[in-house]
There are 2 protein chains.
Amino acid sequence: MSLDRFFNAASIAIIEASRDVTDAGYQALVTLQEGKFEGRIYPVNPKEKKILGLKCYSSVLDIPENLDLALITTPAETLKGLLEELGQKGTAGAVVLAGGFGELGEDGRKLEEELVTLANEKGIRIIGPNTPGMISLNNGINLVGLKNIPKGSIALLTQSGNIALNLITEANLKSQTGFNYYVGVGNEGDIKFHEYLNYFTEDPETKVILMYVEGLREGRQFLEQASKTSQVKPIVLYKSGRSAKGSKTAGSHTGALAGISEVSQSAFRRAGIIEVEHPGEMFPVAETLALLPMLKDNSIAILSDGGGHATIAADYLTDLGIMLPELQKETKAKLKAVLPSNASLANPIDVAGGTDRDPAIFADCAEILLDDKNIHGLLLVGLFGGYGIRFAQKLSFIEEDAAHRMGKLMESTSKPILLHSLYDYAKPHSLELMRYYNIPVYDSLEIACKCVESLSIYSSYRREFERDGSFQINWRNRAVSEVQEKIDNILAEGRKAFLEPEAKDLFKLQGVPVPESYLATTEDEAVLYAEKIGYNAAMKVVSPDILHKTDSGGVVLGLRNEQAVREAFNTIISNCNDCQPGANIKGCLISKMAEKGIETIIGMKTDDQFGPTVMFGLGGIMVSVMKDVAFQVVPVSEYWAVAMINEIKSAVIFDGFRGRPPSDKKALVELIQIVSEVAQAYPAIKEIDLNPVIVHNKGLTIVDARIILK
Amino acid sequence: MSLDRFFNAASIAIIEASRDVTDAGYQALVTLQEGKFEGRIYPVNPKEKKILGLKCYSSVLDIPENLDLALITTPAETLKGLLEELGQKGTAGAVVLAGGFGELGEDGRKLEEELVTLANEKGIRIIGPNTPGMISLNNGINLVGLKNIPKGSIALLTQSGNIALNLITEANLKSQTGFNYYVGVGNEGDIKFHEYLNYFTEDPETKVILMYVEGLREGRQFLEQASKTSQVKPIVLYKSGRSAKGSKTAGSHTGALAGISEVSQSAFRRAGIIEVEHPGEMFPVAETLALLPMLKDNSIAILSDGGGHATIAADYLTDLGIMLPELQKETKAKLKAVLPSNASLANPIDVAGGTDRDPAIFADCAEILLDDKNIHGLLLVGLFGGYGIRFAQKLSFIEEDAAHRMGKLMESTSKPILLHSLYDYAKPHSLELMRYYNIPVYDSLEIACKCVESLSIYSSYRREFERDGSFQINWRNRAVSEVQEKIDNILAEGRKAFLEPEAKDLFKLQGVPVPESYLATTEDEAVLYAEKIGYNAAMKVVSPDILHKTDSGGVVLGLRNEQAVREAFNTIISNCNDCQPGANIKGCLISKMAEKGIETIIGMKTDDQFGPTVMFGLGGIMVSVMKDVAFQVVPVSEYWAVAMINEIKSAVIFDGFRGRPPSDKKALVELIQIVSEVAQAYPAIKEIDLNPVIVHNKGLTIVDARIILK
């Protein structure tokens with residue numbers, strides 16, 4: 001593992017070490033010493049003899065051994081010289097805190113590239129630049145200078161020091177688990193997200209990887225790694241920068257390109273990543289996945305004292321697609337025996353004050369519920385932990401007994417138990433006990449429900465994982481030499497856009513049936529071709545200068561006879577000359593009007609983060625106004641093409657809505673795959689827009705096609 | 001004010017008083033004494049002489065004066081006798097804790113009605129039943145037995161004791177404001193939500209009303225009151241019970257009918273209510289609205305130390321529709337003078353570590369930003385409050401100075417300042433100072449952003465309030481006697497559903513142009529009528545026994561000649577006889593095929609909570625699959641009919657999508673209003689379904705109409 005010498009470093013230089021308590025070069029020394037780092041620490045500062053009892057070296061070159069790692073706290077302009085010296089010391093890695101690189105724009109990015117190239121030549125890999133540092137807690141390596149980091153099995157990868165601070169604070173306050181690694185990836189100048197991910201995937205002590213991402217530099221490699229990682233351990237991710245303002249802020253923060261938010265979402269889902277919606281969910285979801293057994297069948301019971309929390313939890317879990325199965329008859333009978341008559345025995349179960357004098361009844365209920373064959377987990381909501389506080393102190397001992405029983409119940413049944421408690425703030429011992437047994441305690445009901453959802457999503461991902469989750473299929477070999485020549489010719493002509501017939505030809509060459517069409521350069525030719533295709537004809541202008549054919553008056557539809565064709569030809573030519581004087585008009589394309597069917601749009605865009613991405617949706621207002629679109633990054637296999645179709649809400653229309661015949665989904669699935677193939681086979685293509693594609697009961701018609709080159 | 005004697009009671013009986021610390025009859029005595037209630041307390045219990053130093057009465061009748069209020073903690077079966085006695089004592093109100101009423105179903109509801117009738121006969125109004133009690137903190141009245149309730153200007157109305165406990169706990173932990181009233185409304189058996197609301201509206205010490213609602217018994221009266229209240233002070237509301245499971249749970253909790261969630265949402269919005277999405281937002285939003293000045297122009301600046309929080313806040317505020325205006329040139333220049341070179345001077349402003357050695361720079365920035373004429377408020381996010389903790393203790397004094405400056409800045413500018421701080425948990429003095437100046441401090445970034453949104457929504461509501469928000473228009477006088485006769489006849493025939501021609505007639509009588517149509521009872525008549533309307537004809541079966549005409553083969557469209565009409569008539573009759581043997585077939589309705597246009601659906605439903613409600617959406621899959629529907633409770637004035645059309649996402653289609661002519665929105669607005677009128681004019685009508693209504697460039701056509709009676 002290439003990052004081994006980073007996370008297990010035995011010798012670390014601190015450049016430059018300092019006595020100022022607000023300096024990173026002081027703080028790192030403190031946390032290395034406090035973390036009982038067992039390797040050698042080499043403070044470097046020519047002006048000092050000793051700092052914190054450690055001998056100071058005036059230069060890297062004076063250090064008496066080869067280095068594993070160096071923390072560089074000095075400004076950008078000092079880096080070249082330092083890397084030179086570190087190279088001589090065989091250093092494996094440098095953590096570069098300095099900013100002034102990619103986050104400042106194009107010039108900064110160049111500087112960053114030069115720096116990385118130089119470092120790599122010297123055999124040095126770089127964390128950052130523009131990072132708060134890195135931590136490998138089990139080895140006592142803490143170069144961030146943050147104290148009191150709770151230990152645990154979560155590896156943290158973030159692009160914001162504040163967010164890391166946030167998560168560490170939260171872990172300290174609300175959990176008994178914590179972190180084993182923290183890497184501030186900074187600008188991802190050298191080491192990328194996927195390389196850290198790979199390391200944490202193979203690290204047996206890491207149970208969950210938690211990520212805060214503003215933008216990925218190597219999105220596709222990240223996805224490939226993530227889809228492998230998710231098969232072994234969960235990745236929990238929060239992505240910011242989805243708004244224009246947010247994405248701009250992210251850009252000036254870490255130089256990240258934030259990409260299209262819907263594309264990220266579908267790509268992350270495909271890779272098995274648990275993407276959380278709110279930053280406040282990051283830590284609780286990671287904790288849940290680190291601690292709890294899997295949730296079977298997406299089915300859970302809610303146990304509550306009082307109707308309010310029960311009602312809200314039922315609303316949330318229903319919205320999130322979690323099942324609240326009916327209880328078996330014998331389960332209800334057993335509950336009835338321990339609960340008062342006004343208790344509600346449906347799921348959610350409301351003990352309705354039945355625990356006021358004996359909170360151990362919660363444990364009775366938990367045992368009864370987890371014995372029900374339809375119930376695979378338990379969410380306890382509301383007041384547990386507070387009976388000793390609300391009523392009498394002796395009740396707190398009974399709550400502690402209940403905590404022991406529920407903790408052991410989770411161990412023996414392997415069914416997850418989650419606890420929302422209003423009394424978490426008071427830190428009662430019963431809740432500490434729940435945590436001891438790995439039962440997470442949440443102070444927010446909505447977050448508790450989101451954690452149930454995440455557990456359910458990851459559990460079903462692990463059960464139902466499809467090999468097709470891979471991002472590694474490559475269809476470069478589907479390239480047809482005739483097409484490649486065409487592309488080269490278009491570029492040679494100085495054009496970026498295919499003409500409509502050229503674009504349709506491309507798809508024909510890739511094996512898609514394209515409707516017969518002919519380029520008429522004169523009125524007479526137009527009539528000839530209209531007769532050849534046997535009317536009813538559509539006519540569209542062909543010109544490299546006219547991109548918006550309809551707006552320029554370059555389209556006439558439904559031509560049923562010779563006269564209509566003649567008039568249309570002249571109208572189009574005259575419209576286009578009026579609209580764009582001097583335009584190079586090649587003629588008009590004559591084709592048969594498409595038969596009726598469902599109008600769809602299939603497109604391809606190049607995303608900032610993930611490259612070629614296929615999109616699919618219905619025509620009309622469904623894509624542009626209703627935003628009912630499915631995205632999937634290339635390659636789109638049959639499995640994912642089917643998934644894209646099913647993902648749009650309006651997909652029901654293909655099954656024969658209102659007595660219409662069903663549409664040929666198979667043809668659609670094939671075309672989506674071919675668009676994906678084309679995107680891979682010809683890297684010069686930047687955008688494809690097949691709009692509309694009319695899907696019939698049998699087959700489909702590409703009515704218009706647009707291809708743009710890079 | 002009718003509830004004055006409740007909230008300002010001078011004499012209170014506790015029935016029955018108890019020595020058991022877990023009993024409500026003990027706890028209420030404790031909290032009355034601790035709250036320094038200045039009136040007279042009368043514990044009632046025949047078995048006791050004295051409790052907590054207070055003389056015990058063996059019966060209500062022994063109490064030496066007339067009573068304002070009684071807390072009744074005894075079971076349901078004791079109530080009749082007690083009310084009799086309380087009546088003799090001229091008691092104004094009884095707080096009834098006992099359950100066993102409406103929440104148990106029909107029988108319970110009857111029992112509840114009997115109880116309330118009896119009480120009202122004796123001049124007593126009831127809070128509850130099935131309530132945890134009520135609190136009027138400024139008068140020292142606390143009948144809930146909860147201690148340590150923070151005082152403030154928020155009046156709390158809830159249907160769950162747990163949720164109240166939750167909110168009170170939160171206020172204690174995270175705020176310097178709190179509550180002046182708390183009423184557990186329970187089953188709303190007698191006093192309803194709107195009556196409490198009316199009282200709090202007129203109470204000068206109440207600044208915000210905070211509500212948790214499972215279901216409203218008198219929804220329309222509530223809306224009417226709420227729309228008046230919102231003009232004076234904000235109502236913050238969380239509504240649960242939106243899922244099937246949640247609504248069932250709410251039903252067994254307080255006997256509430258939860259209603260259709262989309263209907264509630266639109267009704268609440270119209271009434272100016274701030275409906276929060278998550279329970280965790282209830283208290284922070286109420287606090288925000290209680291403390292802060294209004295936010296002008298929906299425009300705010302974000303100030304941050306570090307990119308992560310800035311990026312996330314920008315994403316959230318953008319999603320929530322808040323503007324982050326560009327800063328003026330001079331503002332940027334002033335910021336540049338106080339911030340380091342790597343700071344980001346766009347909005348969001350990232351000080352990028354520039355406050356590490358002097359956090360008072362936050363106050364400098366705040367002063368500069370609020371001096372910008374485009375910036376009307378400030379959201380400070382991230383690390384403020386933690387500089388003394390992270391670096392050196394002396395920095396905490398500088399933070400305190402900054403807090404004083406920002407507090408006074410808010411006072412002098414009347415521009416709201418909101419603070420998200422990662423260090424709230426540590427309770428630094430600087431944050432206490434911010435709160436002293438009424439600047440709310442949030443520990444969750446997403447909630448801070450939601451609070452900005454609420455402030456913005458309420459501010460614009462107060463600016464732009466339309467008289468049309470009222471729910472009080474009544475169109476009973478639009479009833480036409482012929483229609484009322486028709487309804488009576490249909491009911492007399494034992495029918496619930498109008499026939500299609502009857503339904504269309506109704507709209508004709510209400511003044512809507514309805515296409516000419518004729519009921520043909522024979523094949524020959526069908527031909528006669530088809531000729532009369534001049535072809536192209538549609539033919540539909542008319543039968544009280546056939547509700548689903550298309551499914552029964554009872555519809556044939558596009559009949560262009562005599563032969564087609566004859567065949568269609570026979571096909572329809574034979575299909576319908578096959579499909580539903582013995583059906584009473586009145587004949588076939590002949591009408592002209594509607595011209596092209598946009599297919600819409602206009603309907604009316606009777607909602608559990610709010611009664612008649614109009615719905616509107618596009619035909620096809622837009623309503624049923626895409627859920628793109630607008631609801632509005634009756635009456636729907638012109639203003640709200642226009643709002644309904646604009647509310648659906650697909651509304652752009654009416655403006656002439658893709659070169660189509662624009663649609664006649666005015667005709668649509670009129671028809672929506674008439675549906676609303678019909679719903680009010682004829683209370684016997686339960687449901688109306690005009691589907692489809694085709695909207696043309698001029699006018700519209702009601703193609704099919706269905707009306708169902710109660």
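Which residue in S23(A) is the bridge partner of Met539(A)? In S23(A), that partner is Ile590(A). The structure is a predicted model, in which local features need pLDDT of at least 70 and side-chain atom pairs count only at pLDDT 80 or more, while totals for chains, interfaces and linings use all residues. Residues are numbered from 1 along each chain as its sequence is written, and chains are lettered from A and ligands numbered from 1 in the order in which they are written. Helices (H or I, at least four residues) and strands (E, at least two) are DSSP runs, numbered from the N terminus.

**Strand S21 of chain A**

- Strand S21 (residues 537-542) of chain A has 6 of its 6 residues buried, so it is largely enclosed by the rest of the structure; a residue is buried if 20 or more other C-beta atoms lie within 10 Å of its own, exposed if 12 or fewer, and partly exposed in between, with C-beta atoms placed from the backbone.
- Ala537(A), Met539(A) and Val541(A) point one way from S21(A), whereas Ala538(A), Lys540(A) and Val542(A) point the other way.
- S21(A) is joined by 6 bridges to strand S23 (residues 587-592) of chain A and by 3 bridges to strand S22 (residues 555-559) of chain A, where two strands pair if DSSP finds at least two bridges between them.
- S21(A) runs antiparallel to S23(A) and also antiparallel to S22(A), and in S22(A) the bridge partner of Met539(A) is Val556(A).

**Contact between the chains**

- 64 residues of chain B are in contact with 64 residues of chain A, two residues being in contact if their C-beta atoms, placed from the backbone, lie within 7 Å.
- H11(B) gives the most to the side of chain B that touches chain A, with 10 residues.
- By class, that side of chain B has 26 nonpolar, 28 polar and 10 charged residues; Ala, Val, Leu, Ile, Met, Phe, Trp, Tyr, Cys and Pro count as nonpolar, Asp, Glu, Lys and Arg as charged, and the others, Gly among them, as polar.
- The residues of H8(A) that meet H11(B) include Lys245(A) and His253(A), and those of H11(B) include Asp315(B) and Thr318(B).
- By class, the contact of H8(A) with H11(B) has 4 nonpolar, 7 polar and 2 charged residues.

- Helix H12 (residues 329-338) of chain B has Thr331(B), Lys334(B) and Leu335(B) as its buried residues.
- The face of H12(B) turned away from its buried side carries the exposed residues Lys329(B), Glu330(B), Ala333(B) and Ala337(B), while strand S16 (349-350) and helix H13 (361-370) of chain B are among the elements that cover the buried residues.
- Val527(B), found in helix H20 (residues 523-533) of chain B, is buried, with 21 other C-beta atoms within 10 Å.
- Not counting residues up to four places away in sequence, Val527(B) touches Glu562(B), Val565(B) and Arg566(B).
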